[in-house]
Amino acid sequence: MSLDYLWTGFGVALQWHNLMYGLAGCFLGTLVGALPAVGPINGIALLLPLLYSMGVPADSTMILLAGVYYGAEYGGRISSILLNVPGDAGAVMTALDGNPMARQGRAAEALAISGISSFVGGMIAVVGLTFFAPLLGQLAIGFGPAEYFVLMVFAFATLSSMVGHHPVKTMIGCVIGLALTTIGLDPTSGAYRFTFDEPELSSGIEFIILVIGLFSISEVLFMLEHQYHGRLKPIAVGRGFPSLATLRSCVGTVLRCSGIGFVVGVLPGTGASVASAVSYTTEKRLLDRGTFGKGDPRGLAAPEAANNAAAGGAFVPMLTLGVPGSGTTAVMLGALMLYNIMPGPQLFTERPDIAGGLIASMYIGNILLLLLNLPMVHVFVRLLTVPNWVLIPGILVLSFLGVYSMYASVLSIYMMLGIGVLGYAARKLDFDLAPIVLGFVLGRVAETNLRNALAISGGEVSILFESTISLVLWGMAVLVVLAPWYLHRRRRAAMAAAPDGTAA
Amino acid sequence: MKRFLSSAAVVAILFGAGAAMAAPEKTECLAGAKPGGGFDLTCRLVSNSLLATKMIPAPMAVTYMEGGVGATAYNHVIGSRPSDPGLVVAASSGSALLLAQGKFGKHDETAVRWLGAVGTDYGVIAVAADSPITSLDQLVKAYKDQPNAFPVGGGGAVGSQDWMKAAVVAKGAGVPPRQMRYAALEGGGAVATALQGGHIKIASGDAGEMAPHHKAGKVRILAVMADERLPGDLADVPTAKEQGYDLTWPVWRGYYVGPQVSDADYTWWVDTLATLVKTPEFQKEREERGLFPLAILGKDFDDRVRADVARFKELAKEAGL
């Protein structure tokens, strides 16, 4: 494929006003991502009409909005790591190892690792977008309901690695997540399920409300409890940069997870949250020796590389097929159409300034974000020195504001609080929150696609085993469950009589 | 005061001076869904063109309230802001369909004041670009022979407009709609992709969202469900009527206001929309959003909504819902 469009694009993106738009987008995105509840989709939905009515040209608008989009993936990690409060949906997994690192006094190091992982993930995605966009567009076409369902089976299979010390509790958590997704409008039959005639429940529990409740609110309750017992110790900020050895240990993880994240991002209907979940659980399956969840830098690098790669990947179907790969790209698609630009393969030849400008700006944006983020680590970690009497009300206010400004309903506030109390209780009972979130994220995609697949086949289960894509995915699912067990046995055989204690 | 206002409105109507009346101080368009969907588009259409034509002094805010494809917004307006003169809410023929099925909760179509429809899309039936089928007639005959060989896909659940459009085609082929193999996909883009990938064989969608895929040679639209051929990219596609099937499915887009909005304010909105739809600014905005001309305003629109709801009730019963 000719790369002429890309050179045209760099010509567009390197104009000084577009550089400024890109920088503004990256900055706003980081901010939007760092605030709880407010994610890239809100930022873009707010900015788009503003830019359009100000008469900003299409190329500059797209550059700014793209900056907001991947800037948010950078920003979301800050509060995840420092406060255990995910800034947006893609950053839930980041807290699992990021926050323990901060608690161990390695906050600055964690921020730097996540910044670098985000950068690599983002760059790999842009390179993938540049060279393989039309090819990958074809891959997405191959995914029908049956293939999506098997993909979800694979995702659940990687989840089995989450079965840590409390397999039963992990399963219960996952089932709770699955059960919660069934609330609301049944996407297949159009019937309302578990809504109790309450119209506000008709679209189910919003993911963002679940996330804020489970994480922010329960975290606040924990802080209050510890404060009451006088157990909150100030956390040491730590030295600024990870050692070379730490960075080297993450290389494999970052590369693998960028790949996973990019592919998951390319598939329409699955976004950063699925990508970071699948890559975290995959890495845990592959590498965990009991360190994941306790501040393993690789556990932090995995979701960060993946969510940025997914953000880039989501542009592939949007630009080549006109089918958005995530909610946020759906709004950006709307933006393109507002400017009367029709996405599709012809976009690269008919409007190289837009397609190329956008892609070129992503190269530039990623570099800008890395430069913006690394020196800022020291500013961000100041968050840890904020006293609790400011921090706790602050998190609460931002959570309430975020949820209310998005859904404008009091019921959503109650739901957030209710879920928060449940999350607090679950954590007190030694439940892991991640399986709940995973069950919730994967459950809806799995259910809709299974039912669509069976509707298409008239109830024949064989449709799930028909295509090559499905078979490959089934194989991968089996492999991901069996491989660690097999490796473990081999290792044990090799070590002969050595006592065992590190079962994954 | 209220009586004064309504008599003022009568006077205003008598002298045809409605549009000269003061605009509400703050205007807002509520979209009952996430940003980026059909309701958002409907809101942006009025908000952008009202500002461009300077018919309102300050920009009109577009707000979102997701839930039940507009059900939450419907109940919110009736329950919490029934008399807000500046608030209009985006609606479509899909809203009438949901009302007909009782999916908007305890309220029916008489619970709000319907302002007007300002544009419309039309249903289309499409197959993959490499399909041997080239006309609606061929499709109906092939479907009749082997209904199970033709899984159908649409951008909505069973009972949605996309399902209904497919159901009337199935009925035309003598196949009970309940026996359709129907996949509910996420929007028109996903439907076009599933068609290209061969996961579904028939697509039910709207002209606006399918036309670009038709133009790009990715799908083949067999028929538009309109009374006359559509201008633009679909000019070469015959209507269902031309092909001997009396199937029309307009997808109008319009607005309603709260039940207690005064007659004066209601009239201001109706008159403003009547003026607006004739302006070149509005027409440009409408075309950019892939909508075709349609203006049914005020009382006419109220009648239309009631008629639609009655018709959809009948259709839903026939389809076995």
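**Exercise 1. Find the domains of chain B and describe the side of domain 1 that touches domain 2.**

Step 1. Chain B splits into domain 1 (2-120 + 250-318) and domain 2 (121-234). These bounds come from an automatic or database domain assignment. The model is predicted: local features need pLDDT of at least 70, side-chain atom pairs count only at pLDDT 80 or more, and totals for chains, interfaces and linings use all residues. Residues are numbered from 1 along each chain as its sequence is written, while chains are lettered from A and ligands numbered from 1 in the order in which they are written.

Step 2. Taken over C-alpha atoms, the centres of domain 1 and domain 2 of chain B are 29 Å apart.

Step 3. Domain 1 of chain B brings 12 residues to the contact, and domain 2 of chain B brings 11. Two residues are in contact if their C-beta atoms, placed from the backbone, lie within 7 Å.

Step 4. On the domain 1 side, α4 (93-100), β9 (250-257) and α11 (299-318) of chain B each give two or more residues. The largest share, 3 residues, belongs to α4(B). Helices (H or I, at least four residues) and strands (E, at least two) are DSSP runs, numbered from the N terminus.

Step 5. Sort this side by class: 7 nonpolar, 5 polar and no charged residues. Ala, Val, Leu, Ile, Met, Phe, Trp, Tyr, Cys and Pro count as nonpolar, Asp, Glu, Lys and Arg as charged, and the others, Gly among them, as polar.

**Exercise 2. Describe the side of chain A that touches chain B.**

Step 1. Here 40 residues of chain A are in contact with 38 residues of chain B.

Step 2. At least two residues each come from α3 (40-53), α6 (107-142), α14 (327-338) and α19 (434-457) of chain A. α14(A) gives the most, with 5 residues.

Step 3. By class, this side of chain A has 20 nonpolar, 17 polar and 3 charged residues.
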